Amino acid sequence: MAKGAQVEIGNRSGLAHIEVRGMTMAYGDFLIQKDLNFTINQGDIFIIMGGSGCGKSTLLRHLVGLHPPAAGEVLYQGSSFWQLAPNERNALMRRMGVLYQGGALWTAMTLAENIALPLEEYTSLTPAEVNELVSYKLSLVGLKGFEDYYPSEISGGMQKRAALARAMALDPETLFFDEPSAGLDPVSARLLDDLIIELRDSLGATIVVVTHELASIFAVGNNSVFLDAASKTMIAEGDPKRLLTETENPIVRKFLTRGEEGYP
Amino acid sequence: MQSKSLTISYLTDNSVEISLLGDWCLTCEVVTWQSFQVQFEQYPEPPEKIDFVSSDLESWDSKLLLFLVKLDAYAQSRHIPVNWDGLPDGAKGLLRLATEVPERSGARRRTRTRSLVYRLGTWAMDGVEELTGLATFLGEWLLSIGRFFTGRASFRWVDFNRFLQSAGAGALPIVGIISLLVGAVLGFVGAVQLQMFGAQIYVADLVGLGVVREMGAMMTAIIMAGRTGSAYAAQLGTMQVNEEIDALRTMGISPMDFLVLPRTLALILMLPLLCLWSDALGILGGLLVGVSILDIALLEYLQQTKAAISLADIATGLIKSLIFAVVVSLAGCLRGLQSGRNSAAVGNATTSAMVTAILLIVIWDALTTIIFNRLGI
């Protein structure tokens, strides 16, 4: 749970929150990306971008601790994730919230039960307090009153927002979003972008977003890394708006201008 | 107040100032809503305004927001204006988010208790629907078989071969082990009784007839219901969840031809063969007990078995196993196709496939045994 510093977010931003050092990602012998080096600062909205199949989601899975890197390391506030003891690793993972691509709500549970599960597992709140907290989290994403619905009974956009409420259940320090606007209409996608910024400002959380939606990238991101599928490594990093005006790399230019400029 | 999480001051201009103090985190002890309310209402007149001071607030999370959301609703119900400016910026933002979208009217569920008549009626209608579903499925399946034999079914032989292998050769070890052990147990139980009359040689008859007419077909069918029927239900149920079956339908491919037919035909071809394998290993199990414990000579046991079993007995078992194959494969496919679109529904479909199959196996077995008995076969 975020302490004290939440009151004054300004003090926290700029500190290294997650550092990736010399990381190589591979499934068995199949190399996904190599030589990844970048830093996510506290209070950043950090974008992981790149074309389809370049390993964006795989990088996210490595950052949240679902896969160990084939080489190199991921540091959280200075400590290497995979060198921590399993219980420390679990404690660290509880301070992260992940919004999966399809929402990944547990379909056999109601929305309230989905959000209540982490609260029941990891806090000593009474059932009444859990219920209040569940209603509050749902109201944050505009789903007040939908506690007793099953995921299959609500629309895709609502499922995504409910999944976000679940990701925020434990007041995480870091929120990860995998393709948040995939499958949403432009208006809903825009609202979700606004929500991401609002949550960063209000919660003081660090946010990592995997996306290839240019509108979202420029609207929310203040830092980024660009993964290239062909060379299997990162070829640009920094504020996406600055990248758009400054980068010389033809592949990045082509991506950021929807293929109108750059290579070939 | 039991903890110093806030103080309430009544100011001279008839307003109230709430100072938030210390830690407001989910795991911290803070003032309960009830005791806050008691303290707040000590003042006889409702205040004209509520202000906040948060300079001594050290940390906060959702716990503070829970309090603020309640306070917001409370103040609104008593028409007291609240000035949130004294709160940390983040808390103001979250409170705005939480109260921005009003609850959609009619969204909340009400639990209604229905009368007994209503529930009985629903139950009966569900039963009728279930039977209609079953009849429709059977009818479609028969039509599909018709299309198959006239060569008009969209049927993938690759799939069929794969199902043949998994429902046939893949099942040999488990069917073999269980049949061997059941044969041995049957022999052992029979031996204890028959030995008392010096008639231990008839263990061969008991095991032979028991296995060939009854146990072989039934054991195989029950194993295959657990092994293959439930797998069919889980596969089709998962395809239902992933909208794969809808994708087939929209391409004009009948799921019945494409998914159900290869599975059912594979099991119908393989189950009788597995039944023969089970018969052989069941007899072997009895033989092992007879030869090792009852000191019956190997050849003598085999002679006795051969004399006891007629071709009609074997055919009886095979006919049963053919019916069981239809029951097991259709129950699996039917429940899979009827599955709902979530993980729990797939689990229910699998369970239901097993239960349906085993229930029907036992009923059919009893019926056929009686029929064959009456016919003198």
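The model is predicted: local features need pLDDT of at least 70, side-chain atom pairs count only at pLDDT 80 or more, and totals for chains, interfaces and linings use all residues. Residues are numbered from 1 along each chain as its sequence is written, chains are lettered from A and ligands numbered from 1 in the order in which they are written, and side-chain values use heavy atoms, with hydrogens and water left out. Chain B and chain A bury about 2900 Å² between them. Over all chains, the count is one disulfide.

**The contact between chain B and chain A**

- Chain B gives 29 residues to the contact and chain A gives 33. Contact means heavy atoms within 4.5 Å.
- The buried area is about 2900 Å², and carbon and sulfur atoms give 58% of that area. Buried area is the accessible area (1.4 Å probe) that two parts lose on being put together, summed over both.
- On the side of chain B, Leu26(B), Leu97(B) and Arg109(B) lose the most area to chain A. Together they make up 21% of what that side buries.

**Polar links across the contact**

- Six residue pairs are in polar contact between chain B and chain A, both residues at pLDDT 80 or more. A polar contact is a pair of N or O atoms within 3.5 Å; within protein, one must be able to donate a hydrogen and the other to accept it, and residues adjacent in sequence count only if both atoms are side-chain atoms.
- Three salt bridges are counted between the two chains. A salt bridge needs a side-chain nitrogen of Lys or Arg within 4 Å of a carboxyl oxygen of Asp or Glu.
- Lys70(B) and Glu132(A) form a salt bridge through their side chains, at 2.9 Å from N to O.
- Strand 3 (49-60), helix 2 (62-77), helix 3 (89-100) and helix 12 (343-375) of chain B each give two or more residues to the side that touches chain A. Helices (H or I, at least four residues) and strands (E, at least two) are DSSP runs, numbered from the N terminus.
- That side of chain B has 13 nonpolar, seven polar and nine charged residues. Ala, Val, Leu, Ile, Met, Phe, Trp, Tyr, Cys and Pro count as nonpolar, Asp, Glu, Lys and Arg as charged, and the others, Gly among them, as polar.

**Cysteines**

- Cys25(B) and Cys28(B) form a disulfide, with 1.8 Å between their sulfur atoms. The cut-off for a disulfide is a pair of cysteine sulfur atoms within 2.5 Å.
- The disulfide of Cys25(B) and Cys28(B) is right-handed because the torsion about its S-S bond is about 80°.
- Cys25(B) is buried at 7% relative accessible area, and Cys28(B) is buried at 17%. Buried means under 20% relative accessible area, exposed over 50%, and partly exposed in between (1.4 Å probe, protein chains only).
- Cys54(A) is buried at 1%. Cys275(B) is buried at 0%.

**Ser59(B)**

- Ser59(B) sits in strand 3 of chain B. Its relative accessibility is 2%, so Ser59(B) counts as buried.
- The side chain of Ser59(B) makes a polar contact with that of Asp23(B), at 2.9 Å.

**Positive phi in chain A**

- Asp171(A) is not a glycine, yet has a positive phi of about 50°. Asp171(A) lies in the loop between helix 5 (156-167) and strand 7 (174-178) of chain A, and is buried at 6%.
- Lys232(A) is not a glycine either, and has a positive phi of about 55°. Lys232(A) lies in the loop between strand 9 (223-228) and strand 10 (233-237) of chain A. At 26% relative accessibility, Lys232(A) is partly exposed.
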